[in-house]
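Me: I'm new to this one. Could you walk me through how to read it, feature by feature?

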Amino acid sequence: MGLLSYIHERRDALRLFYRLHPEAWRYTFGVIFIIAAAGRGRWMAVLAIFLGMGVMLAYDRWGKPWQEKGAAMFKPKPKLPKS
């Protein structure tokens, strides 16, 4: 019961942390899934989740320009007036 009481006492700090770092949710769930898979002995799942977290980390670090470029490609182009 120690971990739950610790979380309960610091819930405002946790809420602030996740509000300031929204990408941290993905990593939190990734760690939870890794622990659950390792506990059941599913080592290929652990490896897959770990590699997936690496891809997410790379995207968070270097993917912003590519995301902006992709969003610009899908923007509707202004229509030119017919003359």
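Me: Which residue forms a salt bridge with arginine 26?

Reply: A quick note before that: this is a predicted model, where local features need pLDDT of at least 70, side-chain atom pairs count only at pLDDT 80 or more, and totals for chains, interfaces and linings use all residues. Residues are numbered from 1 along each chain as its sequence is written, and side-chain values use heavy atoms, with hydrogens and water left out. Now, a salt bridge is a side-chain nitrogen of Lys or Arg within 4 Å of a carboxyl oxygen of Asp or Glu. Here the partner of arginine 26 is aspartate 60, with the closest N and O atoms 2.6 Å apart. That pair links distant parts of the chain, 34 residues apart: arginine 26 is in helix H3 and aspartate 60 in helix H4 (residues 43-62). Helices are DSSP runs (H or I, at least four residues), numbered from the N terminus.

Me: How many salt bridges does a search of the whole structure find?

Reply: It finds 2. Glutamate 9 also forms one with arginine 10, at 3.1 Å between the closest N and O atoms.

Me: Is glutamate 9 buried or exposed?

Reply: Buried means under 20% relative accessible area, exposed over 50%, and partly exposed in between (1.4 Å probe, protein chains only). Glutamate 9 counts as exposed because its relative accessibility is 60%, while arginine 10, at 36%, counts as partly exposed.

Me: What about aromatic pairs: how many does the structure hold?

Reply: Rings of Phe, Tyr and Trp (its six-membered ring) pair if their centres lie within 6.5 Å; planes under 30 degrees apart count as stacked, over 60 as edge-to-face and the rest as tilted. The structure holds 4 such pairs. One of them is phenylalanine 17 with tyrosine 18, edge-to-face at 5.3 Å centre to centre and 75° between the planes. Tyrosine 18 is buried, at 19%.

Me: Which residues form the aromatic cluster?

Reply: Phe17, Tyr18, Trp25, Phe29 and Phe33 form one cluster.

Me: And which helix gives the most to the lining of the largest pocket?

Reply: On a 1 Å grid over the protein atoms alone, a pocket is an open set of points where a 1.4 Å probe fits, with protein on both sides within 12 Å along at least five of seven lines; lining residues have an atom within 4 Å of a point. H3 gives the most, with 4 residues. The lining includes Tyr18, Trp25 and Phe29.

Key: Helices (H or I, at least four residues) and strands (E, at least two) are DSSP runs, numbered from the N terminus.
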